[in-house]
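Student: Could we go through this model together? I would like to begin with helix packing and then move on to the sheet.

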Amino acid sequence: MKIQRLLAAALIALAATPATSAGKAVVRLQLDSIDSAVTIPAEIYGQFAEHLGTCIYGGLWVGPDSDIPNTDGYRNDVLEALRELKVPVMRWPGGCFADEYHWTDGIGPRESRPKMVNSNWGGTVEDNSFGTHEFFNLCELLGTEPYLSGNVGSGTVAELAKWVEYITAVDGPMAAERKKNGREKPWKLKYLGVGNESWGCGGNFTPEDYAGEYRRYQTYCRDFDGNKLYKIASGASDYDYNWTDVLMKKARNHMKGLSLHYYTVKGWSGSKGAATVFDNDDYYWTLGKCLEIEDVINRHDSIMTAYDPDKRVALLVDEWGTWWDEEPGTVAGHLYQQNTLRDAMVAALSLNVFNRHTDRVRMANIAQIANVLQSMVLTDGDRMVLTPTYYVFKMYRPHQDATFVPLDVETDVRDVRDGRKVPVVAATASTRDRVLNITLTNTDIDRKARVTIPLGRSLKGASIEAEILTADRIDDYNDFGKPEKVTLRPFRGVKAGKDALTLEMPAKSIISISIK
């Protein structure tokens, strides 16, 4: 049954059970835009893998001689989990690590590669067994687009230029070196980041100085043999709007994208708070902080539009997510944190924002993919667990490369600390292959939300499926002793009436519905 006919004059009406600040909520689908050309880029659901803690070593890579089941050195359990997410793009090798990484140390026979001290993250000594070949081969195994972060802070123009040639050229001295190291055919490299956090760990540049360096570096990163580079300038942190203004003023004609980093974090000094120990006030404040990214995007977009009204230059949120204190007893500087249902809520609300802003935001990369910050998986030896955030990305998978369906959301709003606000109900929707996908979030810790979805005509012949992510407590999480405390389950509470769907959302829940 065609979505257009099934949903003529449709709206979603959500009546939230009264709570402290709750009342009635209404979400309307703008069905006149259902066949619009607005597509949610799959890259919005990108990942980030930095040489930090056990993200790479132990998380993704154990080496071919490991007793942990692996395929050419990559953990089989993690490979399987990531394939389920259909990871569209993966950023590597950093992060702050990128501007201390010299790629020639990570090629050739692994036993001959020099060791290095990871001075940014705990002083860990790494053996460089995971380098260029290992990263690009991993991307091929996953069907993932590589996103390379180049070294500007401690590197040279020639070093980055030769790395691009090594990866993408068919012939020439760098191609010959690649072939000697076992890779005959060049890889494809689309996304090239020229430095990372160049205002900080990537060199402590002023925006004026970095703009000049960016222009110089990108000049010598060439397109070889049909490979087309999508060059990305190192952009601002959070609220640094001057950085964006200067970069757009001085370098916009030399870039395809400008990055933005935004973390849901309490502050950069002192305690950031525990990942698993927090009260209701902390929970709602966290959601308010994560939603503030919408205002940040709008302000950066406004500056960019003054120079680029056609929105040729994309804004790429290539680091985002929650940042809590490291778990007690873990290695200092490795940023290992647990991941609760609160983090899942942050993921869902943030993805909703990105989906709404794809006219400018065309990629986002959550930090990070394994064992670091708001990760997809946690590993310990031969054990692995999937995090609540992993399940959000799985629920949102149907939105990748789907047609965005605009929503008008009228919902009660909770006032939280520091003047921030949190909607009781949030939603996003898209269509693809005659399937309408709606993802709903009830942020209220205590109260249910009654939902009605009028569809304007009979549901006879329609197929309806739904899943739910929730838990007994908002601070519940998965660990190696209880790997499925927070997991996806079928949701059977969607009822089809004559011409409408009804459901009752449990408190603190995320529900995905597909109608075809």
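Student: At what angle do helix α2 and helix α11 pack?
Tutor: In this predicted model, α2 (residues 76–85) packs against α11 (residues 388–395) at about 40°, and their axes are 8 Å apart. That angle makes α2 oblique to α11.

Student: Which residues of α2 and α11 meet?
Tutor: From α2, Ala81, Glu84 and Leu85 take part, and they meet Tyr390, Phe393 and Lys394 of α11. By class, the contact of α2 with α11 has four nonpolar, no polar and two charged residues.

Student: Next, helix α3. How many of the 11 residues of α3 are buried?
Tutor: Eight of them are buried, so α3 (residues 132–142) is largely enclosed by the rest of the structure. The buried residues are Thr132, His133, Glu134, Phe135, Phe136, Leu138, Cys139 and Leu142.

Student: And what covers the buried residues of α3?
Tutor: The cover includes the helices α2, α4 (157–168) and α5 (173–180), together with the strands β5 (74–75), β6 (89–92) and β9 (145–150).

Student: Which residue just after α3 takes a positive phi?
Tutor: Gly143 does, with a phi of about 70°.

Student: Turning to the strands, in what order do the eight strands close into a barrel?
Tutor: The order is β3-β6-β9-β10-β11-β12-β13-β14, with parallel pairing. On average, neighbouring strands of this sheet are turned by 30° against each other, direction ignored.

Student: Over how many bridges do β3 and β6 pair?
Tutor: Strand β3 (residues 46–48) pairs with β6 over two bridges, in the parallel sense. Met90 in β6 is the bridge partner of Gln47.

Student: Which strands does α4 lie across?
Tutor: Helix α4 lies across β6, β9 and β10 (191–194), and runs at about 160° to β9.

Student: What about α7: which strands does that helix lie across?
Tutor: Helix α7 (residues 241–251) lies across β11 (230–237) and β12 (257–264). Relative to β11, α7 runs at about 150°.

Student: One more helix pair. How far apart are the axes of α8 and α9?
Tutor: The axes of α8 (residues 280–291) and α9 (residues 293–307) are 4 Å apart, and the packing angle is about 15°. That makes α8 roughly parallel to α9, since angles under 35 degrees count as roughly parallel.

Student: Which residues make the contact there?
Tutor: Lys289, Cys290 and Leu291 of α8 make the contact with Ile293, Glu294 and Asp295 of α9. These divide into three nonpolar, no polar and three charged residues.

Key. Residues are numbered from 1 along each chain as its sequence is written. This is a predicted model: local features need pLDDT of at least 70, side-chain atom pairs count only at pLDDT 80 or more; totals for chains, interfaces and linings use all residues. Side-chain values use heavy atoms; hydrogens and water are left out. Axes are lines fitted to C-alpha atoms, for helices over the stretch in contact, and angles run from 0 to 180 degrees between N-to-C directions. Angles under 35 degrees count as roughly parallel, over 145 as roughly antiparallel, 65 to 115 as roughly perpendicular and the rest as oblique. Contact means heavy atoms within 4.5 Å. Ala, Val, Leu, Ile, Met, Phe, Trp, Tyr, Cys and Pro count as nonpolar, Asp, Glu, Lys and Arg as charged, and the others, Gly among them, as polar. Buried means under 20% relative accessible area, exposed over 50%, partly exposed in between (1.4 Å probe, protein chains only). Two strands pair if DSSP finds at least two bridges between them.
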